Amino acid sequence: MIIDDIVELTRSVFGMKLTGVYLHGSAAFGCFNPRKSDIDFIVVVNSLFSAEDKTKYVKGLAAMETRSDFPAKGIEMSVVHEMHCRKFVYPTPFELHYSMVHRERFLKDPNGFCRNMHGTDKDLAAHFSVIKAVGQTLYGKPISDVFGKVKREYFLDSIMYDVYDSVQGISGEPIYFILNLCRAAAFFRENKVLSKSDGAEWAAENLDKKYTHLVNAAAESYRSDSPFPQNIPAEVLSEFAEYMLTQLKS
């Protein structure tokens with residue numbers, strides 16, 4: 001199983017420096033679709049590690065991308081120091097980040113990529129919040145022993161950061177933006193940490209009914225192999241995004 005092999009690789013590379021491996025995203029929420037989802041996880045370490053370890057780890061992950069059981073969207077992961085998880089820092093420092101978006105950059109210059117791939121990431125506030133709500137410990141210490149409280153204001157800023165350009169981007173990625181806007185509104189209104197699928201159900205019940213068909217279309221495409229309808233005008237999508245952003249400010 002691919003998740004088991006990811007955990008084994010992580011243990012092999014980081015050894016005693018590894019605090020744990022934690023699953024979030026659709027797999028943790030129970031709505032994972034291997035044809036449309038990626039595997040999201042956070043690796044927590046208790047001490048710094050070498051550039052060589054980084055390169056070895058990403059090479060191992062990249063090698064898995066050719067497997068038949070690898071999800072279509074691949075993986076998205078970050079390595080974070082335990083001290084920034086326990087006493088949460090925002091934006092959160094990370095030691096390494098990798099997804100299939102970075103595959104070509106990595107393959108062109110593995111050592112350079114790994115040497116330079118570190119910094120801070122606002123998205124980690126949302127990821128940590130999901131881990132605390134529904135996450136799974138794949139290996140290591142329990143979630144409650146590793147992840148401290150993420151202030152509401154940080155989570156809100158994190159999800160706003162994820163959708164701030166939705167008016168411009170929704171035509172190119174309608175499923176992504178529609179569903180993320182829905183679950184962002186659910187948290188803003190009711191402090192609910194929801195999956196994309198559950199966020200769509202919440203939106204269909206709580207938001208303007210004129211947009212229910214958009215939300216349902218995005219949810220159906222996300223849950224199945226059906227494409228998002230091509231006959232929905234771009235201006236309708238942009239109008240929805242503008243409406244949803246007002247829900248995050250009122």
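**Chatting about pockets**

Student: Which element gives the largest share of the lining of the largest pocket?
Tutor: That's α11, with eight residues. Helices here are DSSP runs of H or I with at least four residues, strands are runs of E with at least two, and both are numbered from the N terminus.

Student: Is this real or predicted?
Tutor: It's a predicted model, where local features need pLDDT of at least 70, side-chain atom pairs count only at pLDDT 80 or more, and totals for chains, interfaces and linings use all residues. Residues are numbered from 1 along each chain as its sequence is written, and side-chain values use heavy atoms, with hydrogens and water left out.

Student: OK, and what's a pocket, or a cavity?
Tutor: On a 1 Å grid over the protein atoms alone, a cavity is a set of points where a 1.4 Å probe fits but can't get out, while a pocket is an open set with protein on both sides within 12 Å along at least five of seven lines. Lining residues have an atom within 4 Å of a point.

Student: How much space is in the largest pocket?
Tutor: About 1400 Å³. Volume means the space filled by probe spheres set on the points, with points joined across faces, edges and corners.

Student: Which residues lie nearest its centre?
Tutor: Of the 50 lining residues, E76, D162, Y176, N180 and K196 do. Elements that give two or more residues to this lining include α2 (25-29), β3 (75-81), α9 (152-163) and α11 (174-190).

Student: What's the lining like by class?
Tutor: The largest pocket has 22 nonpolar, 13 polar and 15 charged lining residues. Ala, Val, Leu, Ile, Met, Phe, Trp, Tyr, Cys and Pro count as nonpolar, Asp, Glu, Lys and Arg as charged, and the others, Gly among them, as polar.

Student: What about the second largest pocket, how much space is there?
Tutor: About 160 Å³. Its lining includes S129, K132, R152, F155 and F187, and α7 and α9 each supply at least two residues. By class, this lining has four nonpolar, two polar and four charged residues.

Student: Switching topic: how many cavities of 30 Å³ or more are there?
Tutor: One. The largest cavity has a volume of about 30 Å³.

Student: What lines the largest cavity?
Tutor: H24, F41, I42, E76, M77, S78, H97 and H127 do. β2 (39-45) and β3 give two or more residues each, and β3 gives the most, with three.

Student: And by class?
Tutor: Three nonpolar, four polar and one charged for the lining of the largest cavity. E76 turns up in this lining, and E76 is also one of the residues nearest the centre of the largest pocket.
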